[in-house]
Every structure is written in C-alpha cells, then in structure tokens.
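Student: I would like to learn how to read a structure like this one. Could you take me through a few features?

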Amino acid sequence: MKKKTMNKIVAPALALGLLVPLNAQAADHAPTASTPAGDLRATLDQLLSEHYVLAVTSMMKAYDGAADAEVAMKALDQNALDMTPAIASIYGDEGAAQFEEIFAGHNDYSADFVEAAKSEDQELRAEAEAEVDEFVEEFSTFLDAATEGNLPKDAAADVLELHEEQVLSVFDNYVAGDYDSAYMTYREGYKLMFDISKALSGAIVTQMPDKFDSPADTPAVELRSTLNSLAGEHFALAAIGMQKGYDQAEDFDYVSWAEDQNTLDFKAAIASVYGDEGAAQFEKVWNGNHITAQGDIVAATLEGDEAKIEEARMKLDQFAVDFSTFLDAATEGNLPQAAGEEAIKQHEALVLQTFDQYVAGDAEAAWMSFREGYAFMFGVGETLGNAIVTQMPDKFHETTMPEEMPETGLGGAQTQSMNTLYAGLAVLGGILLAFVTLRNRKVSEQ
C-alpha cells in the first residue's frame, strides 16, 4: 500500500476536512470532545476496534477459502503496524518497537486456529491456544511496565484474555453454523475494544498529566467515543453485509440482524439527546433511503440490472440530503446541512467503492477502501459529538454527565460503572466478572 494512502487511513479525524470547525469561536473554557486526551482515546478506539473487526473477518474468510482471505489478513497485519506511530509518540521508538513485536506477532496464530478447524487438528488447536496465553502474559506485562503500573498487569491480562476468547467464540460459532451466537458475540467483542481503549488512554493520561490537560473520560469525550463505536460498527457491518449478500452467504441474514441492532443503538443514542420524537425521525430517515438502498444495490448487482443500481444510488444521494437536514435541525445549525451532506456522501461513496471493488475481484483495492472508510467514521464521530456538545454545553461540563446517556453498551450505563477507572481501573473488575460468567456458562453447558 502506498504511504500516502495509509496516512489517510490511520487518521481518526479524516472527515473533519469536509466540515466546519465547530469550536473555532468557542470560549477556551467551553466543553469539547477535541482534547489531546480525547484524540488519544479516539485513535485507540479506531485502531483497536479495527483490529477486532479485521481479526474476526479474516478468520471467517480464511476458513471459507475466500478469494480475498489473504488480503484481509494483510490488512490485519497493517493495522498492527499502524499502531506503532501512536505508541512511539508516547513511549518513544524503543517502546514502540517492543509493542510492535508483541502485538503484530500475535496475529500469526490466527492461521493456526483456522487450519486446526479445517483439519480438525486438536493438537494444533492446543498449540494455538498456548500461544494466546503467551501473548496475554507478554502483552499485559508490557502494558504494566509501559504505563508504570497505571494499567496493572492482572487487570490487563483479564481483559486481553476476554478479548481473545471473544474472537475465538465468534470464529468457533461461525464454523459450527451457529450464526446467531456468532454475531451476538461479535457485537459484544466489538464494544469491548472501546472499553480497552478507554482503560489504556486513561492509564496513559494518568501517567503523563503534563501532556494532557484533561482526562480521557470527560462527558464530551464519552459522547465522542460512543459515536465512534456506533459509526464504526455501522460501516463495518454495511460493507461486510453487502459482501455477504453478493456471495449469498448463509450468515447474511445474521449480519443484517447485527446491522439492525446497531441502528437501534444509534436510535437510543439520539433519544438520549433529542428525545423519543427525534429518535423516531432519525430511524425513519436512517432506514428508508439508506439501509434498504444498500440492500437494493446488492440485489440489483446480482441481477445485473444497471437501472435498478442507479435508482438505488439515487436513493443514497437523497439519504445524504435528508439525514444532513435532520442533523442540521437537531443540532440547531452546529452541524450545517451542506457540510453534513458532503460528509455523508463521502461515507456512502466509500461503502459503495468497497463493494464495487469486491465485486470486480480487486481485493487489494477493496480492503484499502474498507480501511479508509472505517477510519472516516471516527472523524464523523468527533464532528457530530462536538456539534452536540457545542449545542448543549451545560450537559457536557467536565464535572457533570448528561442526564441520560444511550443504553448501547457504551455511554451512560457504561460510564456510571466506569467512573473510578483512573483511580484503580475498577471497570476491569466488571469485565473480569463478565469473563468469569462466560467461562462458568461454558463449563455448565459441557
């Protein structure tokens, strides 16, 4: 991949060039999601969640023997390499090199799990599981040392083990044809990556207060991270879902279910800010000329009906107008219609570009577009978050939280249980509890 293109892909604020600087005229004391700590957390949000998406997807494709399986795995490897500059900016080149060796190396055993599943080789499976345990031990030790104990080894090990178990649970359920469980776990595992980025960014900010003038868990940054999660998951499910639809894959309906659940979570986020009426308007616009239009494009492509494809693309253009108009009105002009429309059209263009390149068999281009489109959503999360914060500054002062936050697995309910994160990372106790519960459930099922 060309360096210029990859620099675009790893920039979380990619979309901001399309939108007006929302806080340019704001007073210095006004709350904002665009702080050094917020940017650090958003970068980790993007890279860690993308790692999860690519890990799970590449393993599925490798098991299926998909034509783009190798390229998907290369994208996973590149994601690991893209984390190095972020680590270097905080811990220097030596720390970054150590991080890269550990983190990039742990992708290697994905192929072993796939091969073990295909050949039913239990010995190879056991060897791969031992490599997972070794990675958890090594990487948790690194994080403890790098953060000077602000992310304790035991807590890091617990959450890393849960992450690895979720990746394997998605894969194992996929192999078994239990797509319901696979995609339920997929969504749980995706959300966990944002817990990890919160814990890690919080540990770094606590370790280096001189570099960061505010915490990584302010109400405004929490909103930004929630929107990052929802927007990123939407893109991933839309792009992968269109591929599954074109391939007429057995799990297509389950990807569609996951996308519907993402829509409901988005609706909850909107309701928490703009009420039920605003949420109902959002859902109508979001589904009408958007989700359904993407499905129409897949169906028309399979039929070879160019007229229907063009009709569906025109619906997506109308969606850009309708949704940007909704956002302009909802944010009282803090996210202007024209700027929003341009950003939405670019998002849709990246979804369709990824699909068209996949259909054409250009796997390299398709996965490059996938990564660019995924990164783009994190600029959208920042911009929309700041529009809301600028509109409602009293709800987002650093010492307060909005009266309600979306029940999406992030945000309000999550925030209340995570307020002591930086005093001792108590959130990881909850994650450990979930891990133990999961383990106990599996034992009882055997």
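Student: Where does Q243 lie?

Tutor: Q243 belongs to helix α8, residues 219-247; helices here are DSSP runs of H or I with at least four residues, numbered from the N terminus. This is a predicted model, in which local features need pLDDT of at least 70 and side-chain atom pairs count only at pLDDT 80 or more, while totals for chains, interfaces and linings use all residues. Residues are numbered from 1 along each chain as its sequence is written, and side-chain values use heavy atoms, leaving out hydrogens and water.

Student: Is Q243 buried or exposed?

Tutor: Buried means under 20% relative accessible area, exposed over 50%, and partly exposed in between, with a 1.4 Å probe and protein chains only. Q243 has 3%, so it is buried.

Student: Which residues is Q243 in contact with?

Tutor: Contact means heavy atoms within 4.5 Å. Leaving aside neighbours within four places in sequence, Q243 contacts K61, D68, T354, F355, Y358 and W367.

Student: How do I describe two packed helices?

Tutor: Give the angle between their axes and the distance between the axes. Axes are lines fitted to C-alpha atoms, for helices over the stretch in contact, and angles run from 0 to 180 degrees between N-to-C directions. Helices α2 (residues 36-64) and α4 (residues 110-119) pack at about 35 degrees, with axes 9 Å apart. On the α2 side, M59, A62 and Y63 meet S110, F113, V114, A117 and K118 of α4.

Student: Why is α7 called largely enclosed?

Tutor: Because 24 of its 29 residues are buried, α7 is largely enclosed by the rest of the structure.

Definitions and conventions:
Helices (H or I, at least four residues) and strands (E, at least two) are DSSP runs, numbered from the N terminus.
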